[in-house]
Amino acid sequence: MILYEHASSGNCLKCRLVLRQLELPYESVSVDLFRGETRTPEHFGRNPDGRIPVLETDDGDLIPESGAILLHLAERTELLPAPGTIERTRVHQWMFFEQNRIEADLSVARFMKLAGRDVTLPEAFAQRLERGRDALAALDRGLSDGRPFLAGDAFTVADIAVYGYGHCGADAGADPRDFEHVAAWLDRVEATPGFVNDLEPVPAHVSERPL
């Protein structure tokens, strides 16, 4: 398999985490989203939306979107509960939450901060940051019921999805470890066998990326 990705993208980190958890061999091909490499005809052929990550399977199928990649790889593994179970439904619940709140607000606030747009677009940044903190507060409430992981007793792709950008909110000014239940959950995620957080810092040319 080939993973078209960038080492500083939280969405791409999610895919690397699940690939390592399942011990699946793959080739990493770097596509620099900060220098427009995702907006070329070649990459539009992989993903019509021109984003990363994209997974190319052994059969040559192309799968864009980190959530779709996680669910595809996790099917019939311990990382995805059986269909029809409440645990499976919770996986979808938290993955939808991640896309609507963590990725849409917290990760955007992080990008704006690291790209210096907290200075050039202060009102937009402040709004994203406030919503990002609120997303972490919602996550904390969701973890307050005593379940060790988001879907239940077992670590799943829901935890991987939310971890991707949820763990690095401090880069934006919203530290997830300020939330008691989130901090304990982060520790549990990072203690799972084979876990490696290899998210790299954003490059110096981060400001070149369009918002």
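I began with helix α3: its buried residues pack against α1 (10-21), β3 (54-56), β4 (62-64), α4 (86-114) and α7 (157-166). I took contact as heavy atoms within 4.5 Å. Helices (H or I, at least four residues) and strands (E, at least two) are DSSP runs, numbered from the N terminus.

This is a predicted model, so I noted that local features need pLDDT of at least 70 and side-chain atom pairs count only at pLDDT 80 or more, while totals for chains, interfaces and linings use all residues. Residues are numbered from 1 along each chain as its sequence is written, and side-chain values use heavy atoms, with hydrogens and water left out.

I listed the buried residues of α3 (66-74) as Ser66, Ile69, Leu70, Leu73 and Ala74. Buried means under 20% relative accessible area, exposed over 50%, and partly exposed in between (1.4 Å probe, protein chains only). Viewed down the axis of α3, these residues fall within an arc of 115 degrees, so they line one face of the helix. The arc is that of the directions from the helix axis to the C-beta atoms. Just after α3, I found Arg76 with a positive phi of about 65 degrees.

I then checked Leu62, which lies in strand β4. Leu62 is partly exposed, at 35% relative accessible area. Leaving out residues up to four places away in sequence, Leu62 touches Gly45, Arg46, Val54, Leu55 and Glu56. From Leu62 to Val182 I read 34 Å in space, C-alpha to C-alpha, and 120 residues in sequence.
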